[in-house]
Amino acid sequence: MDFSKKLHRFTVIPSLPEELVGLQRIAYNLWWTWEPQAIELFKRMDPELWRETRHNPVQMLGILQQASLDGLKSDDGFMVHLAGVDEKLREYMSGKTWFHKTHNGSTSIRAAYFSMEFGLHESIPIYSGGLGILSGDHLKSASDLGIPLTGVGLLYRQGYFRQYLNIEGWQQEFYPENDFYNMPIHQERDSSGAPFTIELDFPGRTVRVNIWRMQVGRVPLYLLDTNLDENTPEDREITAQLYGGDQEMRIKQEILLGIGGIRALKLLGIEPNVCHMNEGHSAFMSLERIRHLMEEKGLKFSEALEIVNAGNIFTTHTPVEAGIDHFSPELVDKYLGGFYRGLGLTREEFLGLGRQNPKNPHETFCMAVLAMKLADHCNGVSQLHGEISRRMWKNIWPELPEEHLPLTSISNGVHTKSWLSNEMTGLLHRYLGTRWIDDPTDYSIWRKAAHIPDAELWRTHERCRERLVAFARTRLKEHLFQVGATAKEVAVADEVLDPEALTIGFARRFATYKRGTLLLHDIERLARILNNPSRPVQIIFAGKAHPADFEGKELIRQIVQLSLKEEFRHRIVFIEDYDLAVARRMVQGVDVWLNTPRRPLEASGTSGMKVAFNGGLNMSVLDGWWPEGYRGNNGWAVGKGEVYDDVEYQNEVESRAIYDLLEKEIAPLFYDRGQDGIPRGWLATMKSSLQTICPIFSTERMVQEYTEHFYIPAHEQWHKLNDMSQALAKDLAQWKNTMYRLWPQVRIDETRAETEGEITVGMMIPVQTKVFVGDIMPDDISVNVYFGVLDSRGNIVGGEMVPIEAFQKLDQGLYLFTGEIESRFCGRHGFLIRVMPKHSRLGAVYEPGLILWG
């Protein structure tokens, strides 16, 4: 019998003495996760319990016995520590921020940040990897900078899987249930105490959704939960697992995140004017924003679309289209048929929003395409990824040159304080001061790293490596015990790794393109490198493969099996159950971070940035962020960015390059010591890395760029279009409609340029073009010259756009436009005339089909 519906439920919360209530206030604000003094405060309460609860202070407060709490209350040292941390939190929450100082604290911006996962801390397992950790770091830096931003995501009952390895090294998964009532999270309730609940229409039923709130410093994060008694068992599973289930489960989750996320914010009285989609999972959010405007303001779809597009930002993290969610038209019909009919759209019009070519009935419905079509600001997450993304998605804008597509890049970063070791933090305080905490983007501060005494920098890093080795031994012993190893085998774990040896780290998702076993390509050569008696090297691996990725699981098995061989037993360790806690230990303690993706399949990657902040060095293929970070004197590049059609050949070439670097450069530099045992050449490289990488690759710089390049301009455009009864939005929609009707009349009749004779660098070349505009006013036309150097195939490379603004009437509807271009470079050049519509208030406007080249 199912008793669940007959249960009488109640919630028990910790009963803290008045003197200790500050602990609860601190525990429920995730600011503590990047404040070392707060972490030490909780650890001090009960170090063993702190470890057992996976560093969860809320759970600790619920477990501690009254006697323990009374003991803390009578501990004068602890109470002083608590008062100091509590005061620090109060000062943080009320202090002046970068946004307030730089932008006068403009409170009219209300930004919402949507992501499928948030990696904030290991005690909140609702993340799987890089995307979630980036989302978490984004919220933390938004809090530090004072950006008026709200996060929106899903609250997974089981989150992503926990990993354990069987005795053969094969990955197994288990899914422990998250106990929300023992996590730093509150259910949102109305004034009567009833939970706030939204509803979503699914086929033949209504799904009810609860809203939970997590406080990340100054930033609230709202998480949606379908595990309600009123829902069917099937619908309660929507928020069971992150990236679990089939395509139907995925579309339900993404409807919940996008449409449900906007409805949840509205119910809470939050109406964002800027919405940031972190990947395409939340793209349905744009449609709900449009529906809301149509309903509330009485707008047409085309009018509401202009407002919503202006206030939307989309960030893509995927360099291959196979990694993007695609849904069949039938699945879209099943879950969104009623929704799109409510928008006044036909089936083909709606499906066209998710297709690169709206008229191609064979295309599936792509979430990234939907996001890009409904956002005026789009970006990749590194400069290289921006280039790859423009190449991937150029068919969305088929009439534009690749370099002029409306898809730019903002390179990822990391939240500095979340990833720095205590030892490194203390060292930086001593020699850089404290300004790097508030402004880690200031180059002048990081240049002071050159003056850190070599001995202090080296001893600091050695302590971190020693802690990592001790941690790896402990985790290995725990694994061996779990798989039933003998006492003798468990005891051997105390001898693996050498706290003084050159330590390489490799930890990430075990997808095949990341090539986790590239270092194992030549086992015999690897054995010679690792077991060199005068220059020993050791490797620590960690990472998870997706439960359905059997090739990724096989890579893990190969590494574990290799680590059991006698020649590698003391030199290779695989740490199971990779999470944020393991990641912190590794990035803080390794000497070299290895990154071996197949270029250009790594959009950015951020783990190497975390290593750099801790004084570690990067050895990476020139992919993702590393082409921007590598300077020649701050780490090592594997190859020069070559891409081969033969994958096996590429693996052979790049594995040999890694072995060569280890044998000829990295190990010799690490072990080249002075009489005092200090490797000064190595330390010079460490200091170069600190000076060149740290000012650039932080989420503080990243979020500042999002704010100044996207959030503020998006808000300004949104405000223009949504002001004065949406008059400009209505005018723009009507104007575009007129342009589409009249554009077939437009043609380029003749173009002339004075290119005869000798043209020298610096000469100005007059250009004239006759354009027939028909019934369109010439002021509604933008004419530009697109020119540049030609490649061997006669294509313009890196072209420049120059406006031609002067015009005179030649005949009815026929105008002569004149201007000039500058010949700045030697070589073969070419140019084209581009004609586009130009709005009187918004300037040149690109719309598919409304562009002419000649």
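This is a predicted model: local features need pLDDT of at least 70, side-chain atom pairs count only at pLDDT 80 or more; totals for chains, interfaces and linings use all residues.
A polar contact is here a pair of N or O atoms within 3.5 Å, of which, within protein, one must be able to donate a hydrogen and the other to accept it. R355 is located in the loop that runs between α14 (347-353) and β12 (365-366). The relative accessibility of R355 is 2%, and the residue therefore counts as buried, the limit for this class being under 20%. When residues up to four places away in sequence are not counted, R355 touches P329, E348, N360, P361, E363, T364, V369 and K373.

The nonpolar interior was examined next. In soluble globular proteins, nonpolar side chains tend to be buried together. In the present model, the largest nonpolar core comprises 174 residues, and I26, F284 and W393 have the most contacts inside it. Apart from this core lies another, of 96 residues, which includes L468, F506, V560 and V638. For F284, the residues touched, not counting those up to four places away in sequence, are I251, E254, I255, G258, I259, L336, F365, M367 and L370.

Helix α11 spans residues 284-297 and packs against helix α12, which spans residues 301-310; their axes come within 9 Å and cross at roughly 125 degrees. Because of this angle, α11 is classed as oblique to α12. The contact involves S286, R289, I290, L293 and M294 on the α11 side, and F301, A304, L305, I307 and V308 on the α12 side. The crossing in which α11 passes α12 is right-handed.

Helix α12 also packs with helix α30 (residues 699-722), at an angle of about 160 degrees and with the axes 7 Å apart. This angle makes α12 roughly antiparallel to α30, since values over 145 degrees are assigned to that class. The crossing of α12 and α30 is left-handed. Within this pair, E306, I307 and A310 of α12 meet A714, Q717, W718, L721 and N722 of α30.

Helix α25, residues 580-589, is largely enclosed by the rest of the structure, because nine of its ten residues are buried. The buried residues are L580, A581, V582, A583, R584, M586, V587, Q588 and G589. At the start of α25, the backbone nitrogen of A581 is approached to within 3.1 Å by a side-chain oxygen of D579.

Two further helical residues were considered. T425 lies in helix α18, which covers residues 422-432, and its relative accessibility of 14% means that T425 counts as buried. With neighbours within four places in sequence left aside, T425 is in contact with L420 and W436. F99 is situated in helix α7, residues 98-103, and counts as buried because its relative accessibility is 3%. F99 and L299 are 200 residues apart along the chain, and their C-alpha atoms are separated by 34 Å.

Methods:
Residues are numbered from 1 along each chain as its sequence is written. Side-chain values use heavy atoms; hydrogens and water are left out. Buried means under 20% relative accessible area, exposed over 50%, partly exposed in between (1.4 Å probe, protein chains only). Helices (H or I, at least four residues) and strands (E, at least two) are DSSP runs, numbered from the N terminus. Contact means heavy atoms within 4.5 Å. A nonpolar core is a set of buried Ala, Val, Leu, Ile, Met, Phe, Trp, Tyr and Cys residues joined through side-chain atoms within 4.5 Å. Axes are lines fitted to C-alpha atoms, for helices over the stretch in contact, and angles run from 0 to 180 degrees between N-to-C directions. Angles under 35 degrees count as roughly parallel, over 145 as roughly antiparallel, 65 to 115 as roughly perpendicular and the rest as oblique. A crossing is left-handed if the near helix is turned anticlockwise from the far one by less than a right angle, and right-handed if clockwise.
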